[in-house]
Amino acid sequence: MSKADLVITGKAYVGGAVLRVAVAVEGEEIACVSSPASAPPAEEVVELDEGKLLLPGMVDMHVHMRDLELSYKEDWYTGTLSALAGGVTFVADMPNTRPATNSVRGLEVKLREASRKALVDYGIYAGLPSDLKELEALLSRGVLGLKLYPEDLGSPILERALELCAMEGVPVVVHPEDREIIEKRGRVPEAEIRALEKMILLASRTGAHLHFTHVSLRESVRRILEGKLSGLSLSMDATLHHMLLDEGVSRRLGPLAAVNPPLRSGDDRLAILSAASKCLLDAVASDHAPHTLEEKVAGAPGFPGLELALPLLLTLVEDGLLPLSSLELYSSRPAKILGLRKGSLAPRWDADLVVADLKREGVVSGSKMRSKAKFTPFEGFALRAVVERVYLRGSLAYDDGEVLLKPGSGRLVRGGRRNWTRD
């Protein structure tokens, strides 16, 4: 190439290692990744200082942007602002909004709000509608996939919906908890295992790709891995809170640590962290779920996580608790599941870039987070890295706390047909 728009030189995470490279950007894509000596001339050249690390933009495949009738909790601007500050350049929004995204009308209402406010790129999951025709219409409009909640696992159209998703080549994201057990005994571990058993059986019958989200038990990881080894098309993610926090935190913080599924035993927590360290997980997700403080104190499950996931991951890497390759669980691997050209420093991929400062420490403070939800169970955690700069499709979007994009700069990324047998 004759001349690039931007070249960034310095240490970068490329192909599983930290290398000193030059990343050249032309338009909205990465043009090439080379040695600094081989970099093309550019309109702008940025040389990273020692201690800075260039990463791809992170991909969060499980977030709740709220908005619409729930905008008092979060909206597309504040939610994607939180993402941007956390080095996340793509978010996948869940359908349990008001109105729900289980109809074409619900999807269109959500997309109008997102197009006006989003700061980063985004995709949308469909909820399970009451009839297959509506699901066909949603899939034809490019939703990322289908999301199933505990109440959906007894639906009379569930198996046919999975067959349709298999035919269309889109993933089915499953919240694995059995509603009947929840109603009788609460969110005990057996609720997660029972749901996994049922859905893995359906995967074998329908050929659908099932992605189990926020798995929280050692036994869940084992069963999903067994299913993969038997040839089923399965994947799973876990959250940072299920890796780092256990039921002792729930006893100490009470409703401030409430989440579904709940924080588990210390042994299960360590098993999830170990699965991440061995990259047995397919992804890490934040399950960003903001509420008002009043709702949280009253027991609302979930908390904001977009701004913290990458700094926490980098801290675990710096402390030697996770390998460097675990960064792929929040970037290239979820991007692959969703069929995105994001999450890697590779030619022709979107030029979503993050500069992290590994010599700048911080402390988690809920009151300083960009989300409308100003609380976190990670309050006071020491961070060994800070997100300093973020580029979205080649444009500088965030610079040391300053937002440089206008609301609506984020773009909808539509889902496409995947051939899971080739992954």
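His214 is buried at 3% relative accessibility, where buried means under 20% relative accessible area, exposed over 50% and partly exposed in between (1.4 Å probe, protein chains only). The model is predicted: local features need pLDDT of at least 70, side-chain atom pairs count only at pLDDT 80 or more, and totals for chains, interfaces and linings use all residues. Residues are numbered from 1 along each chain as its sequence is written, and side-chain values use heavy atoms, with hydrogens and water left out.

## Backbone

His214 has a positive phi near 35°, in a residue other than glycine. Its place is the loop between strand E11 (210–212) and helix H7 (218–229). Helices (H or I, at least four residues) and strands (E, at least two) are DSSP runs, numbered from the N terminus. Arg66 also has a positive phi, about 60°, although it is not a glycine. Arg66 sits in the loop between strand E6 (58–63) and H1. It is buried, with a relative accessible area of 8%. Most residues other than glycine have a negative phi, and most peptide bonds are trans.

Arg98 and Pro99 are joined by a cis peptide bond, with omega about 0°. Pro99 belongs to the loop between strand E7 (88–93) and helix H2 (104–117). Another cis bond joins Asn260 and Pro261, with omega about -5°. Pro261 falls in the loop between helix H9 (247–253) and helix H10 (266–277).

## Helix H12 and the cores

How many of the 10 residues of helix H12 are buried? Nine are, so the helix (residues 309–318) is mostly covered. Among them are Ala309, Leu310, Leu314 and Val317. Contact means heavy atoms within 4.5 Å. Leaving aside neighbours within four places in sequence, Pro311 is in contact with Gly86, Leu383, Ala385 and Val387. Pro311 and Ala161 are 150 residues apart in sequence and 38 Å apart in space, C-alpha to C-alpha. After H12 comes Gly320, with a positive phi near 80°.

A nonpolar core is a set of buried Ala, Val, Leu, Ile, Met, Phe, Trp, Tyr and Cys residues joined through side-chain atoms within 4.5 Å. The largest one has 101 residues. Leu55, Leu148, Met199, Leu210, Phe212, Leu240 and Met243 have the most contacts inside it. Leu210, setting aside neighbours within four places in sequence, is in contact with residues including Leu162, Val172, Met199 and Ser233. A second, separate core of 16 residues includes Leu6, Ala12, Leu48 and Val355.

## Aromatic pairs

The structure holds two aromatic pairs. Rings of Phe, Tyr and Trp (its six-membered ring) pair if their centres lie within 6.5 Å; planes under 30 degrees apart count as stacked, over 60 as edge-to-face and the rest as tilted. Trp76 and Tyr122 have ring centres 5.1 Å apart and planes at 55°, so this pair is tilted. It links distant parts of the chain: Trp76 is in helix H1 (residues 76–85) and Tyr122 in strand E8 (residues 121–127), 46 residues apart. Trp76 is buried at 1% relative accessibility, and Tyr122 is buried at 3%. Phe378 and Phe381 form an edge-to-face pair, with centres 5.0 Å apart and planes at 90°. Phe378 is buried at 5% relative accessible area, whereas Phe381 is partly exposed at 28%.

## Salt bridges

The structure holds 35 salt bridges. A salt bridge is a side-chain nitrogen of Lys or Arg within 4 Å of a carboxyl oxygen of Asp or Glu.

| Salt bridge | N to O distance |
|---|---|
| Arg20 and Glu50 | 3.6 Å |
| Arg116 and Glu113 | 3.0 Å |
| Glu190 and Arg185 | 3.5 Å |

Arg20 is in strand E2 (residues 17–26), while Glu50 is in the loop between strand E4 (42–47) and strand E5 (52–56), 30 residues apart. Arg20 is partly exposed at 46% relative accessible area. Arg116 and Glu113 both lie in helix H2, three residues apart, about one turn of the helix. Glu113 is buried at 16% relative accessibility. Glu190 is partly exposed at 39%, and Arg185 is partly exposed at 49%. Salt bridges that share partners join Glu28, Asp121, Lys342, Asp350, Asp352, Arg393 and Arg411 into one network.
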